[in-house]
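Colleague: I am new to this structure. Could you take me through it in short steps?

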Amino acid sequence: MTAAPPTLFGSNLVWLLTSEELMKDYNQQELDQTVRRVCKDRDVRYRLVLLEDLVVSIENGGLGVWIKGKKVKYFPLVVLIRVPTPVLQCDSEITVLRHLELLGCRLMNSSAAILKCVNKVWTFQELANNGFPLPNTFSYGGHSNIMGAVKTVDTNLVYPVVVKNCRGHRGKCVFLARDQHQMHDSANLLRHDAPYLFQQYIRESHGRDVRVVVVGDKVIGAMLRQSTDGRMQSNCSAGGAGQPFVLSPEGEKLAIDVARCLRMDICGVDLLLNNDGSFWVCEVNANVGFKFFNPAVGHNVAEDIAIMALAEIDRLKEIRKYSTVEVSDTSDYYSDTS
């Protein structure tokens with residue numbers, strides 16, 4: 001059996017891997033511009049790579065990557081990942097991420113970490129196994145079993161009950177079922193593109209939560225999000241208002257511990273508030289946005305991400321042995337055989 005040839009890395013090369021659809025969004029545009037600027041200031045080569053332009057290959061016993069029909073010769077030590085988590089598929093986007101990881105690239109966030117945050121129940125499964133404070137939550141397997149789950153909720157949760165799509169985002173596909181009648185009527189109308197969860201209602205936190213952004217094992221800021229129309233959803237993208245929030249040491253530790261548990265390099269941790277100052281973990285976002293966070297908190301999240309990526313390149317060059325070369329211009333990215 002012949003060993004696969006070693007991966008060649010550009011010692012001064014970083015990628016941002018995202019999708020064409022996500023690049024229409026402010027967060028990806030801001031991240032692209034900021035990482036590009038920080039890399040230029042530090043003489044690091046930067047490349048924006050779209051999933052739609054990328055093809056993976058297995059040839060002659062080795063792994064390869066092609067971009068726009070050209071075979072990649074030198075790979076980045078670090079790849080920043082921004083993938084569409086609400087519709088992410090294990091047999092498409094995750095296939096690409098795994099391919100890059102097997103080539104030796106350091107993904108921020110990793111494919112395993114992203115998968116833990118794709119589905120809200122998957123997130124809770126990980127956190128519950130490590131003793132984090134979580135609202136009581138029920139979900140189900142097959143879509144035909146939703147009424148069975150609802151009947152279980154009737155006898156095990158106190159109404160009102162929070163109902164969420166397990167892959168919902170930005171405050172969409174979530175509502176408060178006030179009583180059994182509303183729950184049963186609504187269950188028959190739910191779309192089943194993804195399962196739903198049924199969750200304990202934290203009355204003290206109605207219409208408000210705290211978004212904590214963690215980058216590189218550090219809390220870089222916290223924002224109190226509040227509904228402006230009396231609804232339960234506090235997401236700024238759904239009309240909520242954001243303002244700076246002074247997080248207690250206990251809250252800061254909780255957010256960092258959540259990120260560590262899920263092996264997240266970059267994430268948003270949403271916390272529900274209790275009157276006594278303690279918190280419940282509500283959700284964790286692997287594709288954290290900062291359109292509203294930056295002006296509310298007065299911080300540039302994208303710059304923190306860029307600095308973390310470059311620090312990771314330096315760390316990897318110190319502690320691991322790579323076949324690396326200095327990449328001088330874009331023509332060096334591709335194999336002569338492409």
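Colleague: Which residues form a nonpolar patch on the surface, and with about how much accessible area together?

Modeller: The model is predicted. The patch consists of Ile 58, Leu 63 and Leu 102. Together their accessible area is about 330 Å².

Colleague: Is Leu 102 buried or exposed?

Modeller: Leu 102 belongs to helix H2. Its relative accessible area is 60%. Exposed means over 50%. Leu 102 is therefore exposed.

Colleague: In what order do the three strands of the open sheet stand?

Modeller: The pairing is antiparallel. Strands E3 (54-59) and E5 (70-71) are at the edges, each with a single partner strand, so one side of each has no neighbour in the sheet. The order is E3-E4-E5.

Colleague: How many bridges join E3 to E4?

Modeller: Strand E4 covers residues 62-67 and runs antiparallel to E3. Glu 59 stands opposite Gly 62 in E4. The number of bridges joining E3 to E4 is six.

Colleague: Which helix packs on the sheet?

Modeller: The helix touches E3 and E4. Its direction makes about 125° with that of E4. It spans residues 93-103 and is helix H2.

Colleague: Which residue meets Asp 32 in a salt bridge?

Modeller: Side chains of opposite charge can pair when their charged atoms come close. Here the N to O distance is 2.9 Å. Both residues lie in helix H1 (residues 26-41), four residues apart, about one turn of the helix. The partner of Asp 32 is Arg 36.

Colleague: Which residue forms a salt bridge with Arg 211?

Modeller: Arg 211 is in strand E12 (residues 208-215), and its partner is in strand E15 (residues 266-273). Both residues of the pair are buried. The closest N and O atoms are 2.5 Å apart, and the partner is Asp 270.

Technical notes: Residues numbered from 1 in each chain as written. Predicted model: local features only at pLDDT ≥ 70, side-chain atom pairs only at ≥ 80, totals over all residues. Heavy atoms only, no water. Pairing = 2+ DSSP bridges. Helix = DSSP H or I, 4+ residues; strand = E, 2+ residues; numbered from the N terminus. Contact = heavy atoms within 4.5 Å. Axes fitted to C-alpha atoms, helices over the stretch in contact; angles between N-to-C directions. Patch = residues over 30% accessible without salt bridge, like charges linked within 9 Å, V, L, I, M, F, W, Y side chains within 5 Å. Areas by Shrake-Rupley, 256 points an atom, 1.4 Å probe, with all protein chains shown as cover. Salt bridge = Lys/Arg side-chain N within 4 Å of Asp/Glu carboxyl O. Buried < 20%, exposed > 50% of the residue type's maximum accessible area, 1.4 Å probe, protein only.
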